[in-house]
Amino acid sequence: MAISFRGGVHPNDRKSYTAGKPIEVAALPGKVIIPVRQHIGAPCTPVVNKGDTVKKGQVVAKAEAFVSSNIHASISGTVVDVADYPHPNFGKCLSVVIENDGKDEWAEGIPVQRDWKALETAELKSIIKEAGIVGMGGATFPTHVKLSPAPDKKIDTFILNAAECEPYLTADHRLMLEAQDRIVAGVLITMKVLGVTKGYVGIENNKPDAIEAMKKAFEGTGVEVAGLPTKYPQGAEKMLIKVLTGKEVPSGGLPMDVGVVVQNVGTVVAISDAVEKGIPLIERVTTISGQAIKEPKNLLLRVGTSCADAIAACGGFSSQPEKLIAGGPMMGFAQTSMDIPIMKGSSGILAFAAGEANLGVEQPCIRCGRCIDACPMGLNPSMLSVLGERNLFEEAKEEYNLLDCIECGCCAYSCPAKRNIVQYVKYCKAQNVAKQNAAKAAAAKAAEK
Amino acid sequence: MAEVNINDKLLSVSTSPHLRADDSIAKIMWTVNIALAPAALFGAWWFGMNAVMIIVASIASAVLFEYIVQKLRKKTVTINDGSAFLTGLLLAMCLPPTVPVYMPVVGSFIAIVIAKHSMGGLGYNIFNPAHIGRAALMVSWPVAMTTWSALTVKGVDVVSSATPLNVLKQQGYDSVLAMFGGQGAMYTNMFLGTRNGSIGETSTVLLVLGGLFLIYKKIVKWEIPVIMIATVGLLTWVFGPAGMMTGDPIFHMMAGGLIIGAFFMATDMVTVPMTRKGQIIFAVGAGALTVLIRLKGGYPEGVCYSILLMNSVTPLIDRFTQPVKFGARR
């Protein structure tokens, strides 16, 4: 086992705010706003109309492409609107709004009791697909796609990503202490679907209680529970695979290229719920934290609960927040509104008090090289930021490996000049895509003539 | 308890990451200034009042020129970040203690206005500003810049009117030994700094301590100073005065501006390569050029020019020493 990966940073993890707090079931919200885009891939198509009555677990938006994932009602009630609403990543997004009838009734056929060992691989895969399960660590890649590798990719290893390397977040940590049976079931189901016998659970060493709990839970299953050095981004797929298996996912490739599939803790819990109980993905554990939150907590929230409701469940704010973040502090998205919904990939909602973010004024690069030392992908972030600043996005792509950037933020974190390096990278990536699309459109137009 | 109502308009929005290390350019620059302080204070004490005047004039004029240029360019004034202060301090430390006080002012003008701000300011300059300032003074007033008068402390002549490297160039190694009265005394004086030379370059021990402090603070990587000094030691030993392997590497490593140059000038982030590999190439190159100038050139000392020459190839070194991306080795 490799000892570590190159680069990385050690931010103050501030997990102590919530690490010791058991998962609390939040009161049901008065209404939920459920966006049709909660995953990477094609948006779903709403299958309910304004005025319809829906029950918990019923499909409200259907996946029509392979890389997409069904979306279900998370409460029972009446659809009061199907329209654009605030979205944490896209500004606005078509959403199904359900008003709670207070009954919390399951749709027909849910829940069920099933023994996963009696089910065939194809059945398991189909259940996972129908249940709308996506990667719950934040990337939200549809799980059934990950479980359907191309026939030429031989998968031999499964890794449970329990690193939870983002500061503040403790949702996976709490699940490991409180939901061991479901985690074990979820892991074994996934390994059965993939047909692999080699499994790892990778946990950062800053969670010794979770490592111990998982070691106990996985005893006799053949799955190896490994404590990993605490270093951000230990939970980035490529870093995790490198540390556990010694393999490097090739540039531009996916974990399946080295025979590995990685899933997050929340995701395998959802898999277990879907397979053993027939429950689709309608709720998740989210860490609500930050110094501007009165009582930081780990909440079990229904998908579509507004950020405002979630924060109210934590006693509200203790001070005016300087920043509101959906996700973790290193890769999450800053928000402008409290109306955004909790989604399948919402690992955290953070409200930073003044000074907590250590914002600064951007200055010119002084070429100190700390970003290069911090970059786990072996890139030159300084150069990428300078090229981005000058709009040289093609050079960034062709000569400085722009597309290898995983946007983990180690570079900007370590930059003494407070340069917004990740912003330049995202900008360059978007400009390259825009240019390609424009070229495609021009070619199509030329072909018409 | 009163509810805190959130005002959406006060939310700051930016791209991730939302956490930043507790560090800044100003912190780095002031830390370097602090690391230089012991050697500078020693120089002020050892060389006396004129040295103090030179240091003060150099720093004050560097900061003033930075203020004026930034005002004229309608840019944010950044004199508090310590970088102009550092340029002024480094320039003063590289000057003979006997030059008239207007010279450091001219040097600061060239360093700050020409070498730094005409290139775009902090981060954009190609050459080390303090060394450009010194080089300009060197070609403008060659006599004043290479004349050292005998140093008198409390009425006693303690140092001859030449630097060790000057004596070496003009009279040979034996005269250097004679000047100090033996090899042991020579090493001791050069280690402590009780010799003639530029204001801040003489005390090996204080400069090394300052440099170690920067390495400890992770502002400087050990590779550049160690490799540059080792290169000078190795080459001066190999190409000795009486044939191969007869040189005195210890003398050469402590002589002239090598220690201050290796720890504080060849490590100037802006003007040296960014990757470890590049920095190693830079250090070897600067060390080799220093030896070439010392042993074969017209000047007794070559640290300043060797670092400037290596500055000029820094972009090229950078280009060929890019980091290897993850997943490229299969």
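Is the crossing of H2(B) and H3(B) right-handed or left-handed? The crossing of these two helices of chain B is right-handed, where a crossing counts as left-handed if the near helix is turned anticlockwise from the far one by less than a right angle, and as right-handed if clockwise. The structure is a predicted model, in which local features need pLDDT of at least 70 and side-chain atom pairs count only at pLDDT 80 or more, while totals for chains, interfaces and linings use all residues. Residues are numbered from 1 along each chain as its sequence is written, and chains are lettered from A and ligands numbered from 1 in the order in which they are written.

Two packed helices are described by the angle between their axes and the distance between the axes. For helix H2 (residues 49-72) and helix H3 (residues 83-93) of chain B, the angle is about 145° and the axes lie 8 Å apart; axes here are lines fitted to C-alpha atoms, for helices over the stretch in contact, and angles run from 0 to 180 degrees between N-to-C directions. Helices (H or I, at least four residues) and strands (E, at least two) are DSSP runs, numbered from the N terminus. On the side of H2(B), the residues that make the contact include Ile54(B), Ile55(B), Ile59(B) and Val63(B), and among those supplied by H3(B) are Phe85(B), Leu89(B) and Leu91(B), two residues being in contact if their C-beta atoms, placed from the backbone, lie within 7 Å. By class, this helix pair brings together 10 nonpolar, four polar and one charged residues, with Ala, Val, Leu, Ile, Met, Phe, Trp, Tyr, Cys and Pro counted as nonpolar, Asp, Glu, Lys and Arg as charged, and the others, Gly among them, as polar.

Chain B as a whole contains 16 helices and four strands. Along the principal axes, the C-alpha atoms of chain B fill a box of roughly 80 × 55 × 40 Å. Of the 330 residues in chain B, 51% are buried, a residue being buried if 20 or more other C-beta atoms, placed from the backbone, lie within 10 Å of its own, exposed if 12 or fewer, and partly exposed in between. Among contacts in chain B between residues at least 6 apart in sequence, 70% join residues at least 24 apart.

Chain B is divided into domain 1 (25-146) and domain 2 (163-319), with bounds that come from an automatic or database domain assignment. The centres of these two domains, taken over C-alpha atoms, are separated by 21 Å, and the contact takes 30 residues from domain 1 of chain B and 30 residues from domain 2 of chain B. On the domain 1 side, helix H1 (25-47), H2, H3 and helix H5 (129-140) of chain B each supply at least two residues, and H1(B) gives the most, with 12 residues. This side of domain 1 of chain B has 23 nonpolar, six polar and one charged residues.

For chain A, the assignment gives domain 1 (30-100 + 282-352), domain 2 (116-277) and domain 3 (370-448). The centres of domain 1 and domain 2 of chain A are 24 Å apart over C-alpha atoms, and 28 residues of domain 1 of chain A are in contact with 21 residues of domain 2 of chain A. The largest share of the domain 1 side, five residues, comes from E13(A), and the residues of that side divide into nine nonpolar, 17 polar and two charged. Between the chains, 39 residues of chain B are in contact with 58 residues of chain A, and the chain B side has 19 nonpolar, 12 polar and eight charged residues.

Most residues other than glycine have a negative phi, and most peptide bonds are trans. The peptide bond from Ile110(A) to Pro111(A) is cis, with omega near -10°, and Pro111(A) is found in the loop between strand E8 (91-100) and helix H1 (121-130) of chain A. The bond from Ser16(B) to Pro17(B) is also cis, with omega near -5°, and Pro17(B) lies in the segment before H1 of chain B. Arg367(A) has a positive phi near 60° and is buried, with 23 other C-beta atoms within 10 Å.
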